[in-house]
Amino acid sequence: MKGIKKSLTEEYLYLDLSHQKEGCIFPLHTSITLFLLSYCDCKIFKVCLVLTEESTGISLLKNVLSEDVEIQIISRQELPPIVQNCCLPAVVERPDNFCRAGLAVVLRHIIQKSYEADPSKKEILELLGFKKTCLKACAEVSQWTRLCELTIPLAIENFLKESSDQPPTIPAEILELEKKLSEPVRVHNDDKLRRQKLKQQKAAGVRPSLDKEETKSKVPRQETSEEVDCSSASLELRVAFSKLTVREEPAPANKEPAHVRKARASDLPPLDHVFVEGLYFTLADIVLLPCIHHFLVIICKKLSEKLVEFPLLAAWYQRIQEVPRVKTIASQCGIQFLHLPELQTTSNEQQPSLDEVPCVEEQNDPSFIGGPRPTMTKLMEKGIEVMFSPHPCPTWTLDWDTLPAAVSPKEGKMSSDRALRKQQQLNNLVYVVTNQAKPGDRIVDFCSGGGHVGIVLAHMLPSCQVTLIENKELSLIRAKKRSDELGLSNIWFIQANMEYFTGTFNIGVALHACGVATDMVIEHCIKTRASFVTCPCCYGFIQNTSKFNFPKSEQFKKTLSYKEHMILCRFADQTAVQLPPQRRLIGKQCMFLVDLDRARAAEECGYSIQVISMEPESCSPKNNMIVGVPM
């Protein structure tokens with residue numbers, strides 16, 4: 001067939017299999033992945049279901065597996081070594097040194113490979129949404145990705161387990177999703193669509209923008225979704241389903257009526273959700289479909305009176321069935337859609353977007369005095385001062401001229417000045433790591449980017465296994481290309497969020513891990529009792545998260561409020577070379593104090609810590625190095 005690429009790299013897809021119950025394969029990550037494979041009609045991957053210790057009901061699998069997907073069942077011991085260090089799902093390219101792990105990363109890869117195999121499937125690529133960013137932000141920093149990828153699937157699994165013994169409790173994550181569906185939609189052509197909606201409302205005599213009860217009756221019940229009544233359906237539905245059926249919306253008249261054209265943005269009606277991310281059907285809808293289906297099955301069976309609390313979820317559940325091929329694929333995967341009663345939608349107060357919900361902050365701290373100097377003085381009064389540990393060997397350098405070209409950062413397509421500074425940064429890290437490493441050690445380069453640190457270490461320490469972990473695919477592909485040029489055999493590449501790496505290791509390294517990513521690296525190392533060498537970056541992005549609260553150490557908590565600590569973080573970012581010297585000095589001092597809090601927190605966990613300034617300091621405005629060794 002024209003457009004289909006024949007020669008593709010053979011890839012293996014590994015999925016956990018614990019059990020199947022009532023048409024659902026557990027864990028839900030596996031159900032979701034199999035659903036997407038069928039939806040994309042993807043035959044590229046060799047699919048392996050990996051048995052867990054508690055695997056049951058294997059003989060009934062044929063009832064809930066699509067006949068289109070060829071599947072092999074294996075034990076965990078049969079997994080390639082690189083996959084044994086990761087959470088599933090995972091995809092591996094032969095010869096087993098490049099792995100993609102975690103639900104969002106794997107699903108996005110399936111979509112991309114399906115499109116590459118058949119570029120005529122543009123509707124598959126559109127699952128990635130506007131600018132192909134759907135579920136791209138990692139779960140550590142995006143509350144929306146975390147909700148879809150982690151917390152809702154896990155909450156539903158626990159909900160189903162609980163329901164077998166007693167009346168279950170509604171998961172907070174489902175309430176959060178219902179709230180999310182009540183928020184106004186934001187899209188790239190937001191203003192244009194809202195003016196069209198205002199025009200539609202005026203023409204209809206100013207009625208509510210999208211009555212959810214009406215929406216259900218307006219969306220067709222046919223599998224093909226070809227006959228949306230454009231004259232009566234809401235603007236949102238017409239836009240959404242015209243895209244799904246490859247039918248363009250008729251262009252509006254060149255000149256809008258004056259009342260529409262002159263309306264202020266604040267007076268325009270908000271856009272309502274058709275699908276979970278807004279107007280368009282995306283990967284997020286596919287991720288949530290199996291979860292919400294099984295939630296609604298239990299609700300209808302055991303808590304039917306609670307259904308009225310989820311009118312927006314119910315309307316979404318009905319609407320998603322009208323997306324072309326969804327009903328067919330769902331049936332193949334053991335999902336038999338429910339017929340829900342029509343629910344009355346109650347008005348919801350506008351809620352902040354999930355990715356805009358502020359972290360827990362001390363909004364009104366009466367003792368707070370602005371600026372870094374009062375905060376620094378407060379610390380000095382408690383005996384906490386800026387005092388760096390001495391650099392162990394400030395003049396040491398790799399002999400870059402004798403190293404293979406692919407080892408040098410110059411291979412990373414950067415300017416000569418920047419490459420020189422990168423070499424200077426690497427001199428600092430490589431010296432510390434090579435002096436700690438022993439033959440047979442496992443070294444992990446977290447947030448590895450293009451592999452500048454990991455590739456040098458793999459070349460310099462051939463008796464050690466080096467693993468690069470990075471969320472950005474293109475960066476990791478560039479790193480692998482450089483590694484292949486060098487013929488390195490002691491290096492692995494893992495595209496995943498940090499928390500999906502479960503392997504043991506001896507030394508963790510991170511050069512310029514952004515914001516709280518540095519704290520995640522340190523936490524990961526402490527859990528494994530590994531040494532660490534980190535160079536923090538982007539202090540201004542530090543804030544409380546679901547995993548961390550600042551200040552971190554007991555000593556700093558007793559002295560500074562959250563707001564005072566954030567002042568230090570903001571000023572720690574003011575070290576750029578173009579700033580006045582005095583301002584840079586204050587920035588450097590704030591950097592040290594933020595990193596000293598990190599150091600003190602690690603010391604409380606049984607580590608010996610040094611905060612060192614890299615040499616020369618001109619190698620980077622962010623030139624601190626935190627070195628930790630378990631005692």
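Q: In this predicted model, which residue of β10 is the bridge partner of Cys99?
A: Cys99 has Ile494 as its bridge partner in β10.

Q: What makes β7 and β10 count as paired strands?
A: Pairing takes at least two bridges between two strands. Strand β7 (residues 98-101) and β10 have three bridges, in the parallel sense, so they count as paired.

Q: How many bridges join β9 to β10, and what stands opposite Ile491?
A: Strand β9 (residues 465-470) runs parallel to β10 and is joined to it by five bridges. Opposite Ile491 of β10 stands Val466.

Q: What makes β10 a mostly covered strand?
A: Five of the five residues of β10 (residues 491-495) are buried. Ile491, Phe493 and Gln495 point one way, Trp492 and Ile494 point the other way, and all are buried.

Q: Why is Phe446 called buried?
A: Buried means under 20% relative accessible area. Phe446 has 0% relative accessibility, so it counts as buried.

Q: Why is the pair of Phe446 and Phe501 called edge-to-face?
A: The ring centres are 6.5 Å apart and the planes make 80 degrees.

Q: What is the pair of Phe501 and Phe505 called: stacked, edge-to-face or tilted?
A: Here the centres are 6.1 Å apart, with 50 degrees between the planes. Stacked needs under 30 degrees and edge-to-face over 60, so this pair is tilted. Phe501, at 4% relative accessibility, counts as buried, and Phe505, at 4% relative accessibility, counts as buried too.

Q: How do you know that the buried residues of α6 are on the same side?
A: The buried residues of helix α6 (residues 172-181) are Ile174, Leu177, Glu178, Lys180 and Leu181. They cover an arc of only 155 degrees around the axis, which puts them on the same side of α6. What covers them includes α5 (143-163), α11 (283-302) and α12 (311-320).

Q: What makes Lys180 a charge over a ring?
A: The charged end of Lys180 sits over the ring of Trp144, 5.0 Å from its centre. The distance limit is 6 Å, so 5.0 Å falls within the limit.

How values were computed
Residues numbered from 1 in each chain as written. Predicted model: local features only at pLDDT ≥ 70, side-chain atom pairs only at ≥ 80, totals over all residues. Heavy atoms only, no water. Buried < 20%, exposed > 50% of the residue type's maximum accessible area, 1.4 Å probe, protein only. Helix = DSSP H or I, 4+ residues; strand = E, 2+ residues; numbered from the N terminus. Arc of directions from axis to C-beta. Contact = heavy atoms within 4.5 Å. Phe/Tyr/Trp six-rings, centres within 6.5 Å; stacked < 30°, edge-to-face > 60°. Lys NZ or Arg CZ within 6 Å of the ring centre and 35° of its normal.
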